[in-house]
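Trainee: Can we go through this one together? I'd like to ask as we go.

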Amino acid sequence: MHKLEQEMVARVSPSAVWRVLEQFGDVCQWAPGMHSSSLSGEQASGVGTRRAMRHRWGFRIEEEVTRWTDGQGMSFVLLKAPFPMQNVHETWDIEALNGTTRIVTTVTYEMGVGVFGALLDQLFVRSIVEREMRRGLQALIAFAGEDASPAKPDYYPGIPGDQPINHFNTRED
């Protein structure tokens, strides 16, 4: 199992971020690479909500919400993921942080087709997923508010002395 995590701190309210995320079927309005998206079924929010998306590269993705915490975040499983990825789960969490908002996205996945899948992961998949996670964070923040911007790009608010770090934190398990 691979686990990738990206986070960003931005000058945007948690409620503005949640207003975007909770529109689960409208992800194509802000997510880079998504050509179209819509809800699948009658349910519009909460655990069990489903959506279908078409990526600009042509493949279809289907997702179902597995955790929904109003105003704080959600998790979902990809019912139909790009081959050869398998068992893909994604989480988006938001929290208020010293007048800013911390947004964390996590993707866990496995690769099919044995050694070939492991090679594809090392050569392409991991870097593509990380890039799309970063782009997704940036696009979410931009869509959430006109005045939204990364908070102090070279510094992390709230750490004594404002010790410099990159505003994108990447963790990999």
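Mentor: Start with the loop between β5 (73–80) and β6 (85–97), where P84 is found. Helices (H or I, at least four residues) and strands (E, at least two) are DSSP runs, numbered from the N terminus. The model is predicted, so local features need pLDDT of at least 70 and side-chain atom pairs count only at pLDDT 80 or more, while totals for chains, interfaces and linings use all residues. Residues are numbered from 1 along each chain as its sequence is written, and side-chain values use heavy atoms, with hydrogens and water left out.

Trainee: Is the peptide bond from F83 to P84 cis or trans?

Mentor: That bond is cis, with omega near 5°.

Trainee: Why does N87 count as partly exposed?

Mentor: Because its relative accessibility is 44%. Buried means under 20% relative accessible area, exposed over 50%, and partly exposed in between (1.4 Å probe, protein chains only).

Trainee: And what about the phi of V113?

Mentor: V113 is not a glycine either, and its phi is positive, about 55°. V113 lies in the loop between β7 (100–111) and α2 (114–144). At 40% relative accessibility, V113 counts as partly exposed.

Trainee: New topic. What is the volume of the largest pocket?

Mentor: About 770 Å³. On a 1 Å grid over the protein atoms alone, a pocket is an open set of points where a 1.4 Å probe fits, with protein on both sides within 12 Å along at least five of seven lines; lining residues have an atom within 4 Å of a point. The volume is the space filled by probe spheres set on the points.

Trainee: How do the axes of α1 and α2 cross?

Mentor: At roughly 110°, coming within 9 Å. The axes are lines fitted to C-alpha atoms over the stretch in contact, with angles from 0 to 180 degrees between N-to-C directions. That makes α1 roughly perpendicular to α2, a label for 65 to 115 degrees.

Trainee: Which residues meet there?

Mentor: A16, V17, V20 and L21 in α1 meet L140, F143 and A144 in α2; contact means heavy atoms within 4.5 Å.

Definitions and conventions
Parallel < 35°, antiparallel > 145°, perpendicular 65-115°, else oblique.
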